[in-house]
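Reader: I have a model open and would like to go through it. Can you take my questions one at a time?

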Amino acid sequence: MIDDDPDILLSARLLLRDLFHEVATFQSPDEAMPSLDGEGADVVLLDANFGRGATNAAEGFHWLGEILKKDSQNVVVMITAHGGVNIAVEAMKRGATDFVSKPWANERLLATVRTAAALRSSRQAAVRERKRAVAIAAPASGAETPLLGTSAAMRRVYSLIERAGPTEANVLILGENGTGKELVARALHRRSRRADNVMVSVDLGAVAENLFDSELFGHVKGAFTDARGDRIGRLQAADGGTLFLDEVGNLPLYLQPKMLTALEQRQIVPVGANRSVPIDVRVIAATNLSPERLGDESLFRPDLLFRLNTVEIELPPLRERREDVPLLIEHFVGLYTKKYGKPERTMPPGVMAALQDYDWPGNVRALRHAAERAVILAADDRFTVDDFSLSRVGQPRATTPPPPATAGNGDLNLERAEKQIVEQALKKHAYNISLAAAELGLTRASLYRRMDKHGL
């Protein structure tokens, strides 16, 4: 409490001593300022006038600004004997939490201070939650895979990032596991106007279904059995920054309306709370579900999908940009050679050709792990195919064409032969359209037309 009247300070100390571990009183702001260093105070009660005969609160406004400069999270309640609507409004505009007039009613002051202390606690919890979210979301030093590639498919991705990044548009990133969806999200955040604020990541595929509500929206003490204290959710933790919803296809259907309402109204209601909390977030979502699966209303609400995919970025699997494999291999081999202090080794052209020809189930993530294994396990000064343990992550693409398919029983009907060949290619590649089309020497569109023609 800061007030030039010692009787006021004594009254406040006696009234508030049961609420706080310590009530510190000062007759001038200069004396009080050093005590606000470090963790500061739960609440600051600040007199509006200190000079003899002063009534315009100019000094109080000045010191209010100085206190907030020390820590913008400080909670300041201004007190004056010359209360008025104009002074109260101006104090609130300048950052005061509340305003109390002298002589105060004890119940009024106690209620005001309790509310102010709760606000300070909530602000500190928000800061802690943001730090926790950043620590969880931030990759380990040197561990983040860069977005690499010069293929036409990756150039399209870079172009979309450059155009969508500086906007406030929500972005939906599509792609198989391991293609780098989170890297695209981070690139979008770095290019946005929110780059100086936090990016909070939530892996919805790793959240237990009964915890979705609390994890996203937060909860208040007593909301459920284990809710021993208030906790802010990830949406509130991302306030002012970017929220990355990884594997958004795992969001339960019953929670999707609540998420839609939060994004549309820009406010949330924590579990067990009665009041809404305003939020300002940009949402970037990612999923490995196909557009067809996302379009299934039994899995995902169309109105939420429309809200999330203002801009849609589709990341190609590595098998569809094989020309980028040498660049990625060179990067990761160099990274792990340096990390583990291994000697530099040469990459024979035949080994690189085999790596390019490989389908890479798991995409860039699988390639990265294979490069790390090769650096650790290679015994000679030249890499071999065996060093990359390709058989551990799937089967390589066939390098020799299969025997020509023919209709059985001497049937040379062209239509039936075409259907048999197309069906054989689809089954061989587990109905992966891109791989089947590549083996048949067709475009994806051409293969789809033939599938439709033959009812496949």
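Reader: Before that, what kind of model is it, and how are residues numbered?

Author: It is a predicted model, where local features need pLDDT of at least 70, side-chain atom pairs count only at pLDDT 80 or more, and totals for chains, interfaces and linings use all residues. Residues are numbered from 1 along each chain as its sequence is written, and side-chain values use heavy atoms, with hydrogens and water left out.

Reader: How many helices and strands?

Author: The protein has 18 helices and 12 strands. These are DSSP runs numbered from the N terminus, helices being H or I with at least four residues and strands E with at least two.

Reader: What share of the residues is buried?

Author: Of the 456 residues, 44% are buried. Buried means under 20% relative accessible area, exposed means over 50%, and partly exposed is in between, using a 1.4 Å probe and protein chains only.

Reader: Strands next. Which way do β4 and β12 run relative to each other, parallel or antiparallel?

Author: Strand β4 (residues 171-174) pairs with β12 in the parallel sense, over 4 bridges. Two strands count as paired if DSSP finds at least two bridges between them. Within this pair, I173 stands opposite I313 of β12.

Reader: Now loops. Where is A57, and what does A57 touch?

Author: A57 is in the loop between β1 (44-47) and α3 (58-70). Apart from neighbours within four places in sequence, A57 contacts A48, N49 and I87, contact meaning heavy atoms within 4.5 Å. A57 counts as buried because its relative accessibility is 0%.

Reader: And D359, what does its side chain pair with?

Author: The side chain of D359 has a polar contact of 2.6 Å with that of R322. A polar contact is a pair of N or O atoms within 3.5 Å; within protein, one must be able to donate a hydrogen and the other to accept it, and residues adjacent in sequence count only if both atoms are side-chain atoms. D359 sits in the loop between α14 and α15 (363-377), and is classed as buried because its relative accessibility is 10%.

Reader: What about the side chain of S298?

Author: The side chain of S298 makes a polar contact of 2.7 Å with the side chain of D296. S298 belongs to the loop between α11 (291-294) and α12 (302-308).

Reader: Which residues other than glycine have a positive phi?

Author: W360 is one, with a phi of about 55°, and N363 is another, with phi near 60°. Most residues other than glycine have a negative phi, and most peptide bonds are trans. W360 lies in the loop between α14 and α15, while N363 is found in helix α15. W360 counts as buried because its relative accessibility is 0%, and N363 is buried with a relative accessible area of 1%.

Reader: Where is the cis peptide bond?

Author: A cis peptide bond joins K102 and P103, with omega about -10°. P103 is in the loop between β3 (98-101) and α5 (106-137).
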